[in-house]
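User: Got a model here that I'd like to go through with you. Can we start with the contacts?

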Amino acid sequence: MLDVNIATCYMRLRDFRKVIENCKMALSIDKKCIKAHYRIAQAYLELSDLDAAGNSLKAAIEHGLKTRAAESLRRKIEEMKQRQKEARRKMRESMAAKFAKAP
């Protein structure tokens, strides 16, 4: 699982694309590699791809990940989804108000 360890190094360097790339290489060898799924979820969260983060975390949990860290990551993903949803709602309201005022 050298690829997962390399991915951990890239995580510390904040090179999230490389994290995903290396973890996907690990998954090509072992589809059930919990660490790889978890690291991918972390990387996608950092890239604000919340759906992909959730899917990767779900895969990790399905393969047996049961830790406080996983639950914490799940909560972070859900919180960020809520924030994005609220930001989109505010943007729609703002745009609607601007168009309503237009001559």
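Analyst: Among contacts in the protein chain between residues at least 6 apart in sequence, 50% join residues at least 24 apart. Contact means heavy atoms within 4.5 Å. This is a predicted model: local features need pLDDT of at least 70, side-chain atom pairs count only at pLDDT 80 or more, and totals for chains, interfaces and linings use all residues. Residues are numbered from 1 along each chain as its sequence is written, and side-chain values use heavy atoms, leaving out hydrogens and water.

User: How many helices and strands are there in the protein chain?

Analyst: Five helices and zero strands. Both are DSSP runs numbered from the N terminus: helices are H or I, at least four residues, and strands are E, at least two. The radius of gyration, taken over C-alpha atoms, is 17 Å, well over the 13 Å that the globule rule gives for 103 residues, so the protein chain is more spread out than a compact globule. That rule is 2.2 Å times the number of residues to the power 0.38.

User: And what does the C-alpha trace span along its principal axes?

Analyst: About 60 × 25 × 20 Å.

User: Switching to A7. Buried or exposed?

Analyst: A7 is buried, at a relative accessible area of 0%. Buried means under 20%, exposed over 50%, partly exposed in between (1.4 Å probe, protein chains only). Of the 103 residues in the protein chain, 32% count as buried.

User: Where does A7 lie, and what does A7 touch?

Analyst: A7 lies in helix α1, residues 2-12. Leaving aside residues up to four places away in sequence, A7 touches V19, N22 and C23.
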